[in-house]
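Here is a short tour to read alongside the sequence and the 3D view. Have both open, and hop between them as you go.

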Amino acid sequence: MLPNLTQQFNIGNIVSLASYLYRSNFKKFSRLSLFAHLWLIVPIYGWAKFYAFAGLISRLAFSEISGQPESSKVAKIQIKKRFWQFLLTAILVILICLLQFFILYLGISIIVGIIYGVLASIFGAISQPVTQANPFDNTIFRIIIIPTAIVFYFSPLWFYSRFFITDLPLAIEDDTNFIGAIKRSRELTKGLIPIFYKAA
């Protein structure tokens with residue numbers, strides 16, 4: 001049974017709704033998801049196809065939730081009309097995320113260099129020279145590099161989190177283009193990400 005959609009969403013009923021949708025459409029969604037992930041092997045164009053398939057699944061799920069089920073054939077026709085919008089969205093999202101990562105990398109490199117210089121001058125007695133053989137022998141290097149590596153590892157997830165549902169507006173909103181989809185995704189994800197990334 002479809003959960004009550006008039007109540008405010010929380011983690012519990014979102015999980016219930018997702019569980020209901022995938023139980024009742026398991027074969028259809030699984031097949032579409034498989035095709036989508038196979039397309040990821042092909043750079044750029046394949047990523048756009050992945051976006052389009054994700055949009056198709058989103059459209060089918062939304063139509064069922066809204067009480068107006070749509071056939072896969074009809075939904076595919078609507079998605080196909082906007083394929084180039086999905087392609088442009090995929091390219092733009094990749095470029096934005098790469099730019100954000102480059103800015104983060106540059107900023108952190110400068111900050112870490114300054115911090116290392118200050119700490120090395122203050123605690124020079126406990127810091128050994130950084131050797132090419134094993135830089136982790138240096139105490140200050142270990143203190144700085146481990147949290148920095150963690151930030152770099154998770155930063156792509158932080159960046160992409162604001163663009164995670166760009167396929168959804170393109171799939172269900174007829175008057176939305178790729179720029180509008182990106183703006184809409186940022187609006188819908190605002191406040192739902194780590195606090196230290198809200199300013200981005």
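Leu34, Phe35, Leu38, Ile41, Val42, Tyr45 and Trp84 make a nonpolar surface patch of about 740 Å². This is a predicted model, in which local features need pLDDT of at least 70 and side-chain atom pairs count only at pLDDT 80 or more, while totals for chains, interfaces and linings use all residues. Residues are numbered from 1 along each chain as its sequence is written, and side-chain values use heavy atoms, with hydrogens and water left out.

**The nonpolar patch**

- Patches are made of residues with over 30% relative accessible area and no salt bridge; like charges are joined within 9 Å, and nonpolar side chains (Val, Leu, Ile, Met, Phe, Trp, Tyr) within 5 Å.
- Accessible areas come from the Shrake-Rupley method with a 1.4 Å probe, and for residues only the protein chains shown count as cover.
- Helix 2 (residues 26-39) gives the largest share of the patch, three residues; helices here are DSSP runs (H or I, at least four residues), numbered from the N terminus.
- Valine 42 sits in the loop between helix 2 and helix 3.
- With a relative accessible area of 34%, valine 42 is partly exposed; buried means under 20%, exposed over 50%, and partly exposed in between (1.4 Å probe, protein chains only).

**Salt bridges**

- How many salt bridges does the rule give? The count comes to three, where a salt bridge is a side-chain nitrogen of Lys or Arg within 4 Å of a carboxyl oxygen of Asp or Glu.
- As background, side chains of opposite charge can pair when their charged atoms come close.
- Arginine 59 and glutamate 70 meet through their side chains at 2.8 Å, N to O. This pair links distant parts of the chain, eleven residues apart: arginine 59 is in helix 3 (residues 45-65), and glutamate 70 is in the loop between helix 3 and helix 4 (72-81). Both arginine 59 and glutamate 70 are buried.
- Arginine 184 and glutamate 173 form a salt bridge at 3.2 Å, N to O. Arginine 184 lies in helix 8 (residues 178-189) and glutamate 173 in the loop between helix 7 and helix 8, so the pair ties together parts eleven residues apart in sequence.
- Arginine 184 is partly exposed at 31% relative accessibility, and glutamate 173 is partly exposed at 23%.
- Arginine 184 also meets glutamate 187 in a salt bridge (3.4 Å, N to O). These two are separated by about one helical turn because they are three residues apart in helix 8. Through shared partners, salt bridges join Glu173, Arg184 and Glu187 into one network.

**Buried threonines**

- Threonine 166 is in the loop between helix 6 (139-161) and helix 7 (167-172), and it counts as buried at 0% relative accessibility.
- A polar atom of the threonine 166 side chain lies 3.2 Å from the backbone oxygen of phenylalanine 163.
- Beyond its neighbours within four places in sequence, threonine 166 is in contact (heavy atoms within 4.5 Å) with Tyr51, Thr89, Val93, Ala181, Ile182 and Ser185.
- Threonine 89, in helix 5 (residues 83-122), is buried with a relative accessible area of 0%.
- Setting aside neighbours within four places in sequence, threonine 89 is in contact with Tyr51, Thr166, Leu170, Phe178 and Ile182.
- The C-alpha atoms of threonine 89 and phenylalanine 178 are separated by 5.1 Å, though the two are 89 residues apart along the chain.

**A residue of helix 1**

- Leucine 17 belongs to helix 1 (residues 11-24) and is buried, with a relative accessible area of 8%.

Note on methods
A polar contact is a pair of N or O atoms within 3.5 Å; within protein, one must be able to donate a hydrogen and the other to accept it, and residues adjacent in sequence count only if both atoms are side-chain atoms.
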